[in-house]
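Biologist: I am new to this structure. Please take one part and walk me through it closely, then show me how it sits in the whole.

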Amino acid sequence: MDHADQPDFGTGKKKLGIYIGGLLACSLLTLLAFAAVMYGQMATGTLFAVVYGAACIQFIVQLLCFIRLNTQTPQGQMNVMALVFTAVILTSIIVGSLWIMWNLGYNMM
């Protein structure tokens, strides 16, 4: 099968540089979080913020570099909308579950 005949699925052209850049960025973010925990020279709240921030940035890097999420094509826009819809559903399930558990705990006391 010729490479030109393969479907795009809204991800654009595959380039090795994007994957290598993503690998380097994810490795650096992982090392940042590891070093912050290993050396432990920060307060607990600051340490949590550094690790959480590195994880969020790494998630975005993985979406852009490895999954190649973009809005350049109509299919890419549909992929982004599917991700946003998934995030909304997960957020409503998690927040709703926590709200129910908190109310049950409050009403049982």
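Modeller: Gln58 is found in helix 2. Helices here are DSSP runs of H or I with at least four residues, strands are E runs of at least two, and both are numbered from the N terminus. Gln58 counts as buried, at 18% relative accessibility. Buried means under 20% relative accessible area, exposed means over 50%, and partly exposed lies in between, using a 1.4 Å probe and protein chains only. Leaving out residues up to four places away in sequence, Gln58 touches Cys26, Leu29 and Thr30. A contact means heavy atoms within 4.5 Å.

A word on the source. This is a predicted model, in which local features need pLDDT of at least 70 and side-chain atom pairs count only at pLDDT 80 or more, while totals for chains, interfaces and linings use all residues. Residues are numbered from 1 along each chain as its sequence is written, and side-chain values use heavy atoms, with hydrogens and water left out.

Two packed helices are described by the angle between their axes and the distance between the axes. Helix 1 covers residues 16-39 and helix 2 covers residues 44-65. They pack at an angle of about 170°, and their axes are 9 Å apart. The axes are lines fitted to C-alpha atoms, for helices over the stretch in contact, and angles run from 0 to 180 degrees between N-to-C directions. Helix 1 and helix 2 are therefore roughly antiparallel to each other. The cut-offs are under 35 degrees for roughly parallel, over 145 for roughly antiparallel and 65 to 115 for roughly perpendicular, with the rest oblique.

On the helix 1 side, the contact includes Tyr19, Cys26, Leu29 and Thr30. On the helix 2 side, Gln58 takes part, and so do Val51, Ala54 and Val61, among others. The residues of this contact divide into 16 nonpolar, 4 polar and no charged. Ala, Val, Leu, Ile, Met, Phe, Trp, Tyr, Cys and Pro count as nonpolar, Asp, Glu, Lys and Arg as charged, and the others, Gly among them, as polar.

Next, the rings. The structure holds 2 aromatic pairs. Rings of Phe, Tyr and Trp (its six-membered ring) pair if their centres lie within 6.5 Å; planes under 30 degrees apart count as stacked, over 60 as edge-to-face and the rest as tilted. Tyr19 and Phe66 have ring centres 6.3 Å apart and planes at 20°, so the pair is stacked. This pair links distant parts of the chain, 47 residues apart: Tyr19 lies in helix 1, and Phe66 in the loop between helix 2 and helix 3 (74-108). Tyr19 is partly exposed at 28% relative accessible area. Phe66 is partly exposed too, at 33%.

Phe48 and Tyr52 also form a stacked pair, 5.9 Å centre to centre with 10° between the planes. They are 4 residues apart in helix 2, separated by about one helical turn. Phe48 is exposed, at 59%. Tyr52 is exposed as well, at 52%.

Finally, the whole chain. It has 3 helices and 0 strands. Its radius of gyration is 20 Å, well over the 13 Å that the globule rule gives for 109 residues, so the chain is more spread out than a compact globule. That radius is taken over C-alpha atoms, and the rule is 2.2 Å times the number of residues to the power 0.38. Of the 109 residues, 15% count as buried.
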